[in-house]
Amino acid sequence: QVQLVESGGGLVQAGGSLRLSCAASGRVFSISVMGWYRQAPGKQRELVATITSGGSTNYADFVKGRFTISIDNAKNTVYLQMNSLKPEDTAVYSCNAVLRTAMGPVLNIWGQGTQVTVSS
């Protein structure tokens with residue numbers, strides 16, 4: 001069974017930094033794209049950043065210049081380096097991946113989410 005395991009959330013003061021990690025475990029054959037989304041209380045889930053296995057990135061306007069997404073294809077792991085955090089970045093951050101399993105099927109899967117809280 002393929003799953004995404006996230007880590008790195010927590011509490012940080014405004015202006016601080018956090019690094020999120022998300023590893024795809026199980027029988028993964030290849031990854032097409034991985035990304036991070038977030039959902040704040042009372043709001044809809046929104047895209048933060050995505051990256052393809054080839055390194056092409058896409059960022060939401062509200063994180064450009066502050067967040068950096070990267071991927072380690074050998075480890076099937078995506079990272080989100082978050083700098084200059086603001087209280088409005090407080091949300092549950094969830095990892096998403098579109099990947100092909102060793103058995104053949106292509107899956108679109110989600111991690112369990114990790115809480116990021118930025119205090120003012």
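This is a predicted model: local features need pLDDT of at least 70, side-chain atom pairs count only at pLDDT 80 or more; totals for chains, interfaces and linings use all residues.
At 41% relative accessibility, S84 counts as partly exposed. You'll find S84 in the loop between β8 and β9. Check its backbone too: phi is positive, about 50°, although S84 is not a glycine. Most residues other than glycine have a negative phi.

Now hop to D89, in the loop between β8 (77-82) and β9 (91-101). Buried or exposed, what is D89? With a relative accessible area of 1%, D89 is buried, because the cut-off for that is under 20%. Show its surroundings: leaving aside residues up to four places away in sequence, D89 touches R38, R66, F67, S84, V116 and V118.

Next, select N76, in the loop between β7 (67-72) and β8. N76 isn't a glycine, yet it has a positive phi of about 50°. Its relative accessibility is 19%, so N76 counts as buried, the limit being under 20%.

Time for the strands. Highlight β4 (residues 28-39) and β5 (residues 46-52): they run antiparallel and are joined by six bridges. Zoom in on M34, whose bridge partner in β5 is I51. Then look at the hairpin of these strands, with six residues between them, where G42 takes a positive phi near 80°.

Stay on I51 and look for T57, which stands opposite it in β6. Here β5 pairs with β6 (residues 57-59) in the antiparallel sense, over three bridges. Last stop: G55, in the hairpin of β5 and β6, which has four residues between the strands; G55 has a positive phi near 100°.

Terms used:
Residues are numbered from 1 along each chain as its sequence is written. Side-chain values use heavy atoms; hydrogens and water are left out. Helices (H or I, at least four residues) and strands (E, at least two) are DSSP runs, numbered from the N terminus. Buried means under 20% relative accessible area, exposed over 50%, partly exposed in between (1.4 Å probe, protein chains only). Contact means heavy atoms within 4.5 Å. Two strands pair if DSSP finds at least two bridges between them.
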